[in-house]
Amino acid sequence: MLMDRGVLVRWNDEKGFGFIQPEKNAAQDVFIHISVLKKMARKPIVGDSILYQTEVQNDGKRKAVIASIEGVAVIAASATPRSHSHVQSRNENFNFNNKAHYHSPRKSSFNTIIPLLIIVAIVIFGFKQYQEFNEAPAIDEVPVLTNEDIERIPMYETKSRTQATATPSFQCEAGKTHCSHMSSCAEATFYIQHCPNTQMDGDGDGIPCERQWCS
């Protein structure tokens, strides 16, 4: 049967299809699938010369139904003698059944041990959680400080804690000398006490920015 010739101009190796540009009637490319080239010694690549026969699909487009890559060898399917194949199949089945029979007791015991180990691990974990829960102090046992206990605390410790809590974390920055540069009364007070050249306490009473922040 007469074969047409064309050039493979597009090929998608992942999806296994492409298009042939015919030497004659090049107005319409021909679709080709890898399945019609499965007997070739290698996969097609763009630029290959393809010999093919086509048929028209329902949508009017043409596809290759028989094809070969020109200049590439065709791999013939190797025929295995029926008798040899039959004997080999029986031997493989026999070996498989023997292996399955030989390993089945070991596999069965292995499948039994795994669930038991999982159950033991769950029981141990639950027991440890139960112990930790019982050893945790109850809410009612937490000591509550009374006024008498607070009075026994040394004054210097209470004062240092109060100062540490009340003292904001400010630092002197160049150019911040006026009330408009401040963000709070606490910051303005820190600046007049610790930073030089501030101009925020006009009456000198130690209270800065009385109109803006410390009113």
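Among contacts in the chain between residues at least 6 apart in sequence, what percentage join residues at least 24 apart? The share is 40%, with contact taken as heavy atoms within 4.5 Å.

This is a predicted model: local features need pLDDT of at least 70, side-chain atom pairs count only at pLDDT 80 or more, and totals for chains, interfaces and linings use all residues. Residues are numbered from 1 along each chain as its sequence is written, and side-chain values use heavy atoms, leaving out hydrogens and water.

The chain holds 4 helices and 5 strands. These are DSSP runs numbered from the N terminus: helices are H or I with at least four residues, strands E with at least two. Along the sequence the pattern reads β-β-β-β-β-α-α-α-α.

Of the 215 residues, 16% are buried, meaning under 20% relative accessible area with a 1.4 Å probe, protein chains only. The accessible surface is about 17,300 Å², and carbon and sulfur atoms account for 57% of that area. Areas come from the Shrake-Rupley method with a 1.4 Å probe.

A nonpolar core is a set of buried Ala, Val, Leu, Ile, Met, Phe, Trp, Tyr and Cys residues joined through side-chain atoms within 4.5 Å.

| Core | Size | Residues include |
|---|---|---|
| Largest nonpolar core | 14 residues | Ile20, Ile32, Leu37, Ile50, Tyr52, Ala67 |
| Second, separate core | 8 residues | Cys179, Met182, Ala188, Cys209 |

The residues listed for the largest core have the most contacts inside it. Strands S1 (4-12), S3 (30-33), S4 (49-56) and S5 (62-69) each supply at least two of its residues. S5 gives the largest share, 3 residues.

Beyond its neighbours within four places in sequence, Ile50 contacts residues including Leu8, Ile20, Ile32 and Ala67.

Conventions
Buried means under 20% relative accessible area, exposed over 50%, partly exposed in between (1.4 Å probe, protein chains only).
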